[in-house]
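Subject: Structure handover

Hello,

The structure is below, for you to open alongside this note. My findings on the interfaces follow it.

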Amino acid sequence: MQYMKPSTATEASDILARNEGAARILGGGTDLLVQMRSGMIEPEMIVDIKHLDGITDITAEDGGLRIGAAVSGQRLGEHEGARAMWPGVVEACELIGSTQIQGRCTMAGNLCNGGPAADSVPAMIAAAAVARIEGPKGARDCPVEEFVTGPGKTVLGKGEFVSSIFLPARPKAASDAYLRFIPRTEMDIAVASAGVNIVLADDGTIKSARVALGAVGPKVVLVADAADAIIGSKLEDPAITALVRACEAAASPIDDKRGTVEFRTTVVGVLAKRAARIAMDRAQENATGEKT
Amino acid sequence: MKNIHVSTTLNGDDAEFVCAPEETLLDALRNRLGLSGAKEGCGTGDCGACTVEMDGRLVCSCLVLGAEAQGAQIKTVEGMAIGEALHPLQQAFIDHAALQCGICTPGILVAAKNLLERNPDPTDTEIRYWLAGNLCRCTGYDKIIKAVQIAAADMRGA
Ligand SMILES: Cc1cc2nc3c(=O)[nH]c(=O)nc-3n(C[C@H](O)[C@H](O)[C@H](O)COP(=O)(O)OP(=O)(O)OC[C@H]3O[C@@H](n4cnc5c(N)ncnc54)[C@H](O)[C@@H]3O)c2cc1C
Ligand code: FES
Ligand code: FES
């Protein structure tokens, strides 16, 4: 095996393109090293992208935030601006693994690994985050909800990798939240999860919303019906009921020892409901500048 | 397979080693540098026995390549004592029986030290969450949490 440490994006995509199928990108390595050590994958080359320019930076852009692909979970959590603007994304990312995993894991790696239970992904999709992809033909952007095409499969083509994730600007009266269910309190993989992002109108009703569900299908899903269920409401009971029904309808989970189909379907509705309420409280607080 | 030459800073001192590209930092520390404090409990990031500090952050050294240590600041349990003087955490773990077999202990000490540097006065809950990635199969967590609290108080000069 070879270990490569490119210093520019061009060099990185060049190495990846020339070694298609043989090379693997190394971010924080918390998925990759586990897969290598278990013999699940045997790459001939590792391309460590952590030394590219700007890849460990968090920068303000167009009122939003650009998160470098090698920014660790812990580093994102330390960024006050990110916590204030996208608390749901930050709390989702901070749920990944232990303190030790947080020191290394990245949102980009979480996304590129392509797992349906990846914690930061529903929150990123709810946030309408956009992945910046570098490749032989230069940079392109891909909305996170279109990035994963199936378990472990992504839109990345030959020589391509993710260089950053963009979290867009948002109005003041808005917020987001993420919740997952695990049988323990820490260190486990989501049995079901939900990310909710809402924007309030001047009258306090929900003007726009995005709801994404994790671990209840082959990939994370954006559920338009769930968002429609709460748009125009203040999360009164009928809206909540419609939200829960829409999430249950969108869930097509597997049955396994960690949760039955019935359990996952019920829980994902409950999580969406609770995440919506948290996002609502946060948005109201942002709108009025007061704690509700 | 070409071996890689790595220059790093280990517990404050310059260190050099040669390792295979797929070799983990844990194996490099133990087999190339003779530092056997970090242990391999699982090799999958779950147990924390291999915990070391890398550029100020805790990592599972079983999930870091030795090659990634190039230019980094690595701190291990071997760097905690100053000469014969044990770190307050080490002393508290001995005095308050916070270890039995000791396999988990180096990882827990390194993790707890990093916590106390960020938060000198943590609650029990904060300590438990911080150490959630450090498994102990024999002592039980109560004594460990208590020892961290005693060391924290000691370090605050209380
Ligand atoms: C003990 C433990 C607990 C965990 N707990 C959780 C959890 O609670 N929730 C959760 O969601 N995950 C969990 N994980 C999985 C893992 O930590 C996350 O998926 C993490 O976000 C992966 O990020 P990374 O940077 O370490 O990825 P890496 O391991 O570096 O990469 C993951 C995959 O993506 C590819 N890749 C990485 N970066 C890029 C890039 N920029 N462009 C293109 N491809 C790239 C790699 O080639 C690899 O295939 C856990 C893992 C461990 C070991
Ligand atoms: S040996 Fe590294 S976490 Fe268990
Ligand atoms: S003392 Fe034996 S594992 Fe903790």
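**Chain B against chain A**

Eleven residue pairs are in polar contact between chain B and chain A, counting pairs with both residues at pLDDT 80 or more. A polar contact here is a pair of N or O atoms within 3.5 Å; within protein, one must be able to donate a hydrogen and the other to accept it, and residues adjacent in sequence count only if both atoms are side-chain atoms.

On the side of chain B that touches chain A, the elements giving two or more residues are β3, β4, α3 (105–118) and α4 (124–130) of chain B. Helices (H or I, at least four residues) and strands (E, at least two) are DSSP runs, numbered from the N terminus. β4(B) gives the largest share of that side, four residues. By class, the side has 16 nonpolar, nine polar and six charged residues. Nonpolar covers Ala, Val, Leu, Ile, Met, Phe, Trp, Tyr, Cys and Pro; charged covers Asp, Glu, Lys and Arg; the others, Gly among them, are polar.

This is a predicted model: local features need pLDDT of at least 70, side-chain atom pairs count only at pLDDT 80 or more, and totals for chains, interfaces and linings use all residues. Residues are numbered from 1 along each chain as its sequence is written, chains are lettered from A and ligands numbered from 1 in the order in which they are written, and side-chain values use heavy atoms, with hydrogens and water left out.

Chain B brings 31 residues to the contact and chain A brings 28, contact being heavy atoms within 4.5 Å. The two chains bury about 2,300 Å² between them, 57% of it on carbon and sulfur atoms. Buried area is the accessible area (1.4 Å probe) that two parts lose on being put together, summed over both. R57(B), L63(B) and E68(B) supply 27% of what chain B buries against chain A, more than any other three residues.

There are five salt bridges between the chains (a side-chain nitrogen of Lys or Arg within 4 Å of a carboxyl oxygen of Asp or Glu). R37(A) and E40(B) form a salt bridge at 3.1 Å, N to O.

**Inside chain B**

The domain assignment gives domain 1 (4–79) and domain 2 (88–157); such bounds come from an automatic or database assignment. Their centres, over C-alpha atoms, are 21 Å apart. Between these domains of chain B, about 1,100 Å² is buried. The salt bridge count between them is zero.

Best wishes
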